[in-house]
Amino acid sequence: MEALVAKAWTHVRANLRRSAGQRLFDQWLKPVVLIAGSDAEIVRLGLPSAFMTQWVKNHYAERLLLEFRGQIPAVRSVSIETVAEEPKRVLSAAPVSADSAPVAASASPAERPQFDQRFTFDRFVIDATNRVACNAAKAMAEPGAPRFSPLYLHAGTGQGKTHLMHAIGHAFLEANPEATAIYVTAERFMFEFVQALRNKDTHAFKARLRSVDLLMIDDLQFIGGKDGTQQEFFHTVNEFMSSGKKLVIAADRAPQALEGFEPRLVGRLASGLVADIKPAELELRRAIVGRKLLEMPAVTMPHEVMDLLAARITTNVRELEGALNRLVAYAQLNGETITIDFATNVLGEVLRSAQRRITIDEIQRAVSSHFEVKQIDLISERRAVAIARPRQIAMYLAKRLTTRSLPEIGRKFGNRDHSTVIHAVKRIEELRGKDVEIDTAVRTLMRTLEG
């Protein structure tokens with residue numbers, strides 16, 4: 001009968017692995033083992049700590065019962081228990097296929113988190129705003145003792161902190177196949193610590209975190225004012241620093257700017273390497289759009305649309321990537337070609353909400369200064385190329401960087417008709433594709449106006 005239950009357990013584990021996802025499975029379900037003495041009516045499962053036992057009970061008790069009944073209809077209950085004995089009391093069974101997870105033979109498996117495959121170092125676009133942080137992250141991922149600990153990354157939302165942490169995880173585990181790592185948000189750290197306190201099982205919580213070779217904690221600002229959690233976190237930081245292990249912390253502000261944090265903890269966080277990631281400038285945003293499009297070989301996007309995204313969406317990189325993904329999805333789902341007009345229609349609200357209010361007067365001043373012509377010439381009737389071309393560029397920028405209608409733009413340029421504005425926009429679009437000087441001038445002006 002035990003052999004029948006063991007075989008059913010192999011299938012149940014495989015199903016859980018597929019439905020829960022690798023990351024959740026590895027963290028919570030992989031440690032579950034089948035206890036000797038289970039029969040066709042009562043299945044006994046074991047976990048190495050009361051904390052983990054309670055979590056699985058809360059989240060998977062009903063699912064486990066249904067899974068076992070799917071394999072053995074006679075099963076009446078599934079008992080989830082804390083197992084303190086040696087693993088020899090636990091049944092084992094060979095996996096039924098390469099895709100099925102083998103039955104755990106140990107109650108304390110190594111931590112092998114599943115880092116996001118999108119977030120690697122080769123997909124992180126570098127410039128002056130993030131170069132120090134990226135180089136520090138690469139150094140942290142190298143084998144051997146860390147050059148500094150902790151590494152403290154700080155930046156606003158969506159600027160690349162989490163990307164770098166996942167990239168560290170990928171590179172570290174690739175270079176150290178036998179190493180262990182944990183990536184967790186501060187909010188999750190707090191939740192697990194509180195649960196461990198309630199279950200009177202803080203020893204297992206501490207042992208799990210402090211036994212790994214690399215610990216990464218994201219969004220640290222969320223434990224501000226949580227004294228008990230901060231105390232445990234402080235001791236964890238001290239443990240890692242004294243043992244020479246790798247510790248990476250990320251937050252949305254510098255250590256000294258954290259609110260509701262104990263001074264001694266702030267001092268520890270600032271004692272390693274503090275690296276910030278500044279908001280992405282126009283050229284970096286443009287490079288990020290280009291890098292993302294390399295991963296979409298079937299997508300054709302004009303340069304002016306790429307420039308539109310980079311120039312208008314300045315809040316953070318995450319919103320920029322989201323707008324790009326939305327634009328591509330709409331085009332593919334509707335069988336449309338991506339053009340300026342299509343992008344404006346699809347992303348209208350996004351572009352308007354993200355845009356800094358640039359005025360046509362600002363554009364005219366910037367263009368006249370760049371080309372060394374009088375601002376009044378841009379609204380005059382003069383048709384000399386030295387005046388007409390800057391005027392067309394100014395109209396082009398007004399169309400791209402403001403929400404003004406074509407007739408409104410025409411009125412601001414000497415009461416010209418909206419058709420004149422359309423012609424100017426199309427002409428500059430054509431010239432940007434074949435005239436390097438015009439393209440460079442437009443890029444420079446956009447960068448200046450975006451600030």
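Which residues in α10 meet Arg-443, Met-446, Arg-447 and Glu-450 in α19? In this predicted model, they are Leu-282, Glu-283, Arg-285 and Arg-286. Two packed helices are described by the angle between their axes and the distance between the axes. For α10 and α19, which spans residues 436-450, the angle is about 120° and the axes lie 10 Å apart. Sorted by class, the residues of this contact are six charged and two nonpolar, with no polar ones.

Helix α10, residues 282-294, also takes part in the lining of the largest pocket. Rolling a probe the size of a water molecule over the atoms shows where empty space is left. The largest pocket holds about 520 Å³ of space. It is lined by 25 residues, and those closest to its centre are Phe-119, His-163, Val-317, Arg-318 and Glu-321. Besides α10, the elements that give two or more residues to this lining are α5 (161-175) and α12 (317-334). Helix α12 provides the largest share, with five residues.

Next comes a residue in a loop. Asn-130 sits between β3 (77-82) and α4 (131-141). Its relative accessible area is 4%, so Asn-130 counts as buried, the limit for that word being under 20%. Apart from its neighbours within four places in sequence, Asn-130 is in contact with Phe-124, Val-125, Ile-277 and Leu-284.

The last topic is salt bridges, of which the structure holds 24. One of them joins Glu-81 and Arg-44, whose closest N and O atoms are 2.7 Å apart. Because Glu-81 belongs to strand β3 and Arg-44 to strand β2 (residues 42-47), this pair ties together parts that are 37 residues apart in sequence. Both partners are partly exposed: Glu-81 has a relative accessible area of 21%, and Arg-44 has one of 27%.

A salt bridge also links the side chains of Arg-382 and Asp-377, at 3.5 Å from N to O. Here Arg-382 is partly exposed, at 43% relative accessibility, whereas Asp-377 is buried, at 12%. In the salt bridge between Glu-408 and Arg-404, the closest N and O atoms are 3.8 Å apart. Glu-408 is partly exposed, with a relative accessible area of 28%, and Arg-404 is partly exposed as well, with 47%. Elsewhere, salt bridges that share partners join Arg-286, Asp-307, Arg-432, Asp-439 and Arg-443 into one network.

Definitions and conventions: Residues numbered from 1 in each chain as written. Predicted model: local features only at pLDDT ≥ 70, side-chain atom pairs only at ≥ 80, totals over all residues. Heavy atoms only, no water. 1 Å grid on protein atoms, 1.4 Å probe; cavity = no way out; pocket = protein on both sides within 12 Å on 5 of 7 lines; lining within 4 Å. Points joined across faces, edges and corners; volume = space filled by probe spheres on them. Helix = DSSP H or I, 4+ residues; strand = E, 2+ residues; numbered from the N terminus. Buried < 20%, exposed > 50% of the residue type's maximum accessible area, 1.4 Å probe, protein only. Contact = heavy atoms within 4.5 Å. Axes fitted to C-alpha atoms, helices over the stretch in contact; angles between N-to-C directions. Nonpolar A, V, L, I, M, F, W, Y, C, P; charged D, E, K, R; others polar. Salt bridge = Lys/Arg side-chain N within 4 Å of Asp/Glu carboxyl O.
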